[in-house]
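Here is a short note for a colleague who is opening this entry for the first time. Please keep the sequence and the structure in view while going through the points.

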Amino acid sequence: AWRKIELRNVARKFRTPKVIDKKVNLNDYRGNIRQVMVKDLGHDLPTIIITNDKKTSCSELISRYALRMLIENSISEGIDFFHNVALSSSVAIRIDFDVLLTLVGQAAYHILGPKLRGYEQSNANVIFRKFIGTPAKIIIGKKDIEVRLNKRANNPILLESGLINTPFKLPWVSKMNFVITLK
């Protein structure tokens, strides 16, 4: 009973999934719900979408689902990277201050990525591993704080980015200049 549909306005490899679209009655729910089973989306197992939206076409429903999954995967990736204990579900049901800070941290990495040639599309854990989580010597002077990075293979990319040897100020430390240098 699988029928093939075509996803429009989607730039992806799997544009013609097969679906089963059924109405299902639940004992404790007034009315019926819609259950859409989708296969051939590039996953091993079929995806099941349960909704009370009975008007939207299968194609539109699956396209909207795919966009939501991109957002949920991004949140999950950030939580996995920034937290020692990740949420038990990849879907963030309750957004609290912890998750907000996670997303702000992840956004900072997405701002840094385009400045690093070859790492424009990299996620936070790759940028951290290659550029941030590196040994350094911190020299605190009367008016300057210098972070002196050790020699690494990625240093030429940092030099090219303009982030090295360029003094900057942090708004919350008004009297100090910061600079990142290479040994």
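1. Which element of the chain has the lowest mean pLDDT, and which the highest? This is a predicted model, and among the elements of its chain the lowest mean pLDDT, 74, belongs to helix α1 (residues 58-82), while the highest, 92, belongs to strand β1 (residues 3-4). Over the chain the average pLDDT is 81, and 84% of the residues score at least 70.

2. Four strands form an open sheet in the order β1-β2-β3-β4, and their pairing is antiparallel. Its edge strands are β1 and β4 (47-51), each of which pairs on one side only. Strand β3 (residues 32-39) runs antiparallel to β4 and is joined to β4 by 5 bridges; Met37 stands opposite Ile48, a residue of β4.

3. How many aromatic pairs does the structure hold? There are 2 aromatic pairs, and in one of them the ring centres of Tyr119 and Phe131 are 5.0 Å apart with the planes at 90 degrees, so this pair counts as edge-to-face, the cut-off for that class being over 60 degrees. Because Tyr119 lies in the loop between α2 (97-112) and α3 (124-132), whereas Phe131 lies in helix α3, the pair ties together parts that are 12 residues apart in sequence. Tyr119 is buried, with a relative accessible area of 14%, and Phe131 is likewise buried, at 5%, given that buried means under 20%.

4. A last point concerns Leu103, which is placed in helix α2 and is partly exposed, with a relative accessible area of 30%. Along the chain Leu103 and Ser74 are 29 residues apart, and a distance of 9.1 Å separates their C-alpha atoms.

Key:
Residues are numbered from 1 along each chain as its sequence is written. This is a predicted model: local features need pLDDT of at least 70, side-chain atom pairs count only at pLDDT 80 or more; totals for chains, interfaces and linings use all residues. Side-chain values use heavy atoms; hydrogens and water are left out. pLDDT is the predictor's confidence in each residue, from 0 to 100. Helices (H or I, at least four residues) and strands (E, at least two) are DSSP runs, numbered from the N terminus. Two strands pair if DSSP finds at least two bridges between them. Rings of Phe, Tyr and Trp (its six-membered ring) pair if their centres lie within 6.5 Å; planes under 30 degrees apart count as stacked, over 60 as edge-to-face and the rest as tilted. Buried means under 20% relative accessible area, exposed over 50%, partly exposed in between (1.4 Å probe, protein chains only).
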